[in-house]
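Please look through the sequence and the 3D structure before reading on.

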Amino acid sequence: MFHAALFTLYPEMFPGPLGASLSGDALRRQLWALETINIREYGLGKHRAVDDAPAGGGPGMVLRADVVAASLDAGLRPDDARPRLLMSPRGKPLTQTRVRELSAGPGVAIVCGRFEGVDERLIETRGLEEVSIGDYVLSGGEIAAMVLLDACVRLIPGVMGKLESGSDESFESGLLEYPQYTRPRAFEGREIPAVLLSGDHTKIAKWRNDEALRLTRGRRPDLLTERGLK
Ligand code: SAM
């Protein structure tokens, strides 16, 4: 079973949105499991300090390597095979390919950063893989971890129904998804494209592929370059 371990200063944020809809239903059906480890419990002194001023000066605070390492060492057995991730804006951008790999594995252990981030030595000594969910800065890694988990969990066998298999979706083919329509046939003067109502599945597949290419070319030409399709 896919088992997620979250190392966080805010365990109360979980499962949060992951407890609703598809992922929440799957959690209750035990198709995946989620555990939180409160980094604060490994804090130092009476006040359970977890952070300190950045060496060399500068604004903010940095999560201490010794404190977060103690939480990781207590929460994970040495033979734990799960990838150890650190949510980080300077990490490798998360892709559907990486999501697919992760969701097919035993789960993930995720450190959620806060403040100015974590001491570099934690990343080095615990072999953390830095993962970014986009080129912007959040106030903490928890929401980023939820994004990653939501993307992974929906791909676990049995989580999505057969009808929503996900194989047609954006990025799965390397392209953005074609436009979707449903009833009513006309909405505020706009008709569903006739080909989609024709019943001709060859023509429908061609239309969808053409539209996927058109949208990808307009919005994400980088995806076409990656596939040598430009
Ligand atoms: N000082 C850091 C920097 O400039 O790279 C930003 C720290 S940010 C305020 C606090 C935490 O939020 C980070 O340690 C990370 O865990 C999380 N975070 C922020 N933006 C993120 C992103 N785009 N992807 C993944 N995690 C992010």
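**Ligand site and overall layout**

The shell around the ligand is made up of nine nonpolar, eight polar and two charged residues (Ala, Val, Leu, Ile, Met, Phe, Trp, Tyr, Cys and Pro count as nonpolar, Asp, Glu, Lys and Arg as charged, and the others, Gly among them, as polar). The model is predicted, local features need pLDDT of at least 70, side-chain atom pairs count only at pLDDT 80 or more, and totals for chains, interfaces and linings use all residues. Residues are numbered from 1 along each chain as its sequence is written, and side-chain values use heavy atoms, with hydrogens and water left out.

**Shell around the ligand**

- Of the 19 residues around the ligand, Met87, Gly113, Gly134, Tyr136 and Leu138 come nearest (a residue is near if one of its heavy atoms lies within 4 Å of the molecule).
- At least two shell residues come from each of β5 (84-93), β7 (129-132) and α5 (141-153); helices (H or I, at least four residues) and strands (E, at least two) are DSSP runs, numbered from the N terminus.
- β5 gives the largest share of the shell, three residues.

**Backbone atoms and ligand nitrogen**

- A nitrogen atom of the ligand lies 2.9 Å from a backbone N or O atom of Leu138.
- For Glu116, a backbone N or O atom is 3.0 Å from a nitrogen atom of the ligand.
- For Ser88, the distance from a backbone N or O atom to a nitrogen atom of the ligand is 3.2 Å.
- The ligand taken alone exposes 580 Å², and the protein buries 82% of that (areas by the Shrake-Rupley method with a 1.4 Å probe).

**Domains**

- The protein is divided into domain 1 (2-153) and domain 2 (168-226), with bounds from an automatic or database domain assignment.
- The centres of domain 1 and domain 2, taken over C-alpha atoms, are 36 Å apart.

**Backbone features**

- Phe14 and Pro15 are joined by a cis peptide bond with omega of about 0 degrees, and Pro15 is in the loop between β1 (2-8) and α1 (21-28).
- A cis peptide bond also joins Arg183 and Pro184, with omega of about 5 degrees; Pro184 is in the loop between α5 and β8 (186-187).
- Ser21, in helix α1, is not a glycine but has a positive phi of about 55 degrees.

Notes:
A polar contact is a pair of N or O atoms within 3.5 Å; within protein, one must be able to donate a hydrogen and the other to accept it, and residues adjacent in sequence count only if both atoms are side-chain atoms.
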